[in-house]
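Subject: Structure for you to look at

Hello,

Here is the structure I promised to pass on. Please open it first, then read my notes below with the view beside you.

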Amino acid sequence: MWRDALLIAGRDLRIEIRTRVGLWQVLPFAFLTLLLFAFALGPKPGLLAQAAPGLFWLAVMLSVVLAAQRSLALEGSQATREAGRLLGLDPAGIFLGKTLALLVEVLILEGGLLLGVVVFFHVQVTDWLVLVPSCLLAAAGLCAASIFYGSLAGDARVRATLLPLLFLPLAAPVLIAGAKAFEASVQTGSGSGARWLGVLAVFALVYLALGVALYGPMEE
Amino acid sequence: MAPAISLRSAVALSEGFPVLSGVDLDLEAGQVLVLLGANGAGKTSLLRLLAGLLPLRSGEARVFGCALPDGAAALRRQVGLAGHDPGLYEELNALENLRFALKASRLDPGGAEAALDRVGLAGRLSTTQLVRLSEGQRRRAALAWLVARRPALWLLDEPHAGLDAATRHLVAELCEEAAMGGACVVVSSHEPELVTPMANIVATMGGGAVLRSDPGGRRTSGASDVA
């Protein structure tokens with residue numbers, strides 16, 4: 001399973017490096033989302049800093065939808081999916097590999113967005129020991145859930161509209177827990193970060209387990 | 001000895017629609033079967049059933065010892081399918097596609113270069129992204145995938161469509177080499193004049209069933225029977 005996962009992740013990342021869809025399309029979309037929210041809130045630094053945790057995770061979630069669509073489109077045609085099935089790859093390995101490749105992209109995206117939030121929303125992070133693990137756990141959960149629901153949504157004709165409908169409401173716990181953990185990381189001594197990290201870890205584990213168990217039957 | 005492929009009253013549905021309506025077929029290892037028939041006759045569906053990609057709804061199907069539909073996963077490892085769409089990753093080049101497929105199949109990725117050379121995609125063509133290659137060159141890359149994997153069952157869906165004379169000749173050569181090596185080869189086509197000489201059996205399909213079978217021009221394997 002892990003061998004197949006690394007093989008799939010390597011292939012997806014190679015394609016991403018070659019096409020740069022994440023760099024030229026998903027990352028600008030994420031920045032644009034942050035910028036538009038900032039315009040909507042108006043030029044009040046205090047308000048922007050206050051809203052930054054929620055806006056950051058909303059931008060990440062919307063960007064994950066785009067990135068997952070792109071990742072699943074690599075296996076878009078029936079012939080490509082069938083060719084993959086003929087190779088005898090472990091379906092759980094395929095799921096984990098696609099999730100891993102998407103995770104790498106989303107972590108880079110989170111890094112860029114975090115820089116944007118710090119610079120433009122005047123946010124000062126004080127507890128990196130909460131923020132960094134929360135970004136990692138939330139990204140893992142979002143990537144696993146988006147690949148899972150993207151596969152469930154079927155072929156590309158309906159996936160473009162169905163994936164956001166399936167994924168966004170069910171990823172709401174990540175939005176809430178991620179935003180709370182972010183808030184905890186900018187408030188010195190709040191002490192509530194660990195609780196939200198637990199929520200993010202459970203979300204990630206649930207969707208990783210669901211994907212490993214059900215990706216094969218869904219593809220069949 | 002039991003035939004490598006044996007179908008009895010095989011019925012298959014695709015999205016609830018009957019695409020195979022009772023196929024009877026026997027094929028020995030080392031034989032080439034050609035499927036003729038109009039569009040919608042069931043040729044592609046039969047290939048997908050033999051690949052373990054289309055579930056058997058009723059009847060019996062045994063392919064290389066794997067009873068369908070339960071043995072589909074084990075069967076797929078022995079099958080190579082080249083369809084209308086090559087099913088390769090267009091963002092990668094032919095060499096990367098083949099290396100990936102060989103690693104995924106637990107085979108030595110070092111065989112990729114030789115396979116590409118065999119189908120005339122050596123040198124710069126092998127390292128050019130598939131999206132930049134012509135349709136015929138992409139088809140050659142898909143054939144290289146079969147050459148590299150050496151499956152026990154070759155399934156070719158209209159392999160001559162849109163190809164130049166040299167590539168059509170290459171398809172015939174590869175089928176003959178595979179059959180001589182003991183593989184079963186099943187080819188669907190709309191061009192009987194091209195495929196009949198390379199076949200042991202020519203089966204004409206219509207309405208999801210084999211309507212008739214005739215001997216082809218190839219005489220280099222054992223007896224076979226298509227009912």
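Start with the overall size of chain A. A compact globule of 220 residues would have a radius of gyration near 17 Å, and chain A has 18 Å, so the two agree. Please keep in mind that this is a predicted model. Nothing here comes from an experiment on the molecule, and local features were taken up only where pLDDT is at least 70.

**Chain A**

The C-alpha trace of chain A spans about 55 × 30 × 30 Å along its principal axes. Chain A is built from nine helices and has zero strands. Of the 220 residues in chain A, 48% are buried. Now look at contacts in chain A between residues at least 6 apart in sequence. Of these, 84% join residues at least 24 apart.

One residue of chain A deserves a click. A:His122 is not a glycine, yet its phi is positive, at about 55 degrees. Where does A:His122 sit? It is in the loop between helix H5 (91–120) and helix H6 (128–152) of chain A. Is A:His122 buried or exposed? It has 12 C-beta neighbours inside 10 Å, so it counts as exposed.

**Where the chains meet**

The contact between the chains takes 17 residues from chain A and 18 residues from chain B. On the chain A side, helix H1 (2–19) and helix H4 (78–86) are the elements that give two or more residues. By class, this side of chain A has eight nonpolar, four polar and five charged residues. The scores for the model are ipTM 0.79 and pTM 0.83.

**Chain B: confidence and domains**

The mean pLDDT of chain B is 86. In chain B, 96% of the residues reach 70 or more. Be careful with residues 222–227 of chain B, where the pLDDT is below 50. In the model this stretch has 15 contacts beyond near neighbours in sequence.

Domain 1 covers 1–78 + 151–227, and domain 2 covers 89–150. Their centres, taken over C-alpha atoms, are 24 Å apart. Eight residues from domain 1 of chain B and ten residues from domain 2 of chain B make the contact. Which helix gives the most to the domain 1 side? Helix H6 (residues 165–180) of chain B does, with three residues. The domain 1 side has five nonpolar, two polar and one charged residues.

**Chain B: strands**

Find the open sheet of four strands in chain B. The order is E2-E1-E4-E5, with antiparallel pairing. Strand E2 (17–27) and strand E5 (66–67) are the edges, and each pairs on one side only. Two bridges join strand E4 (residues 56–63) of chain B to E5(B). Across this pair, B:Arg62 stands opposite B:Ala67.

Strand E1 (residues 5–14) of chain B holds B:Ser9. The phi of B:Ser9 is near 50 degrees, a positive value in a residue other than glycine. B:Ser9 has 15 C-beta neighbours inside 10 Å, so it counts as partly exposed.

Next, go to strand E7 (residues 153–157) of chain B. Five of its five residues are buried, so the strand is largely enclosed by the rest of the structure. B:Leu153, B:Leu155 and B:Asp157 point one way from E7(B), while B:Trp154 and B:Leu156 point the other way. E7(B) runs parallel to strand E6 (residues 79–82) of chain B, and four bridges join them. B:Val79 stands opposite B:Leu153 there. Five bridges join E7(B) to strand E8 (residues 184–188) of chain B, again parallel. B:Asp157 has B:Ser188 as its bridge partner in E8(B).

**Chain B: two loops**

The peptide bond from B:Leu68 to B:Pro69 is cis, with omega near 5 degrees. B:Pro69 is in the loop between E5 and helix H2 (72–76) of chain B.

B:Arg124 lies in the loop between helix H4 (112–118) and helix H5 (135–149) of chain B. It is exposed, because 8 other C-beta atoms lie within 10 Å, and the cut-off for exposed is 12 or fewer. B:Arg124 and B:Leu13 are 111 residues apart in sequence and 43 Å apart in space, C-alpha to C-alpha.

Best wishes

Key. Residues numbered from 1 in each chain as written. Chains lettered and ligands numbered in written order. Predicted model: local features only at pLDDT ≥ 70, side-chain atom pairs only at ≥ 80, totals over all residues. Domains from an automatic or database assignment. Contact = placed C-beta atoms within 7 Å. Nonpolar A, V, L, I, M, F, W, Y, C, P; charged D, E, K, R; others polar. pLDDT = per-residue confidence, 0-100. Rg over C-alpha atoms; globule rule 2.2 N^0.38 Å. Buried ≥ 20, exposed ≤ 12 C-beta atoms within 10 Å, placed from the backbone. Pairing = 2+ DSSP bridges.
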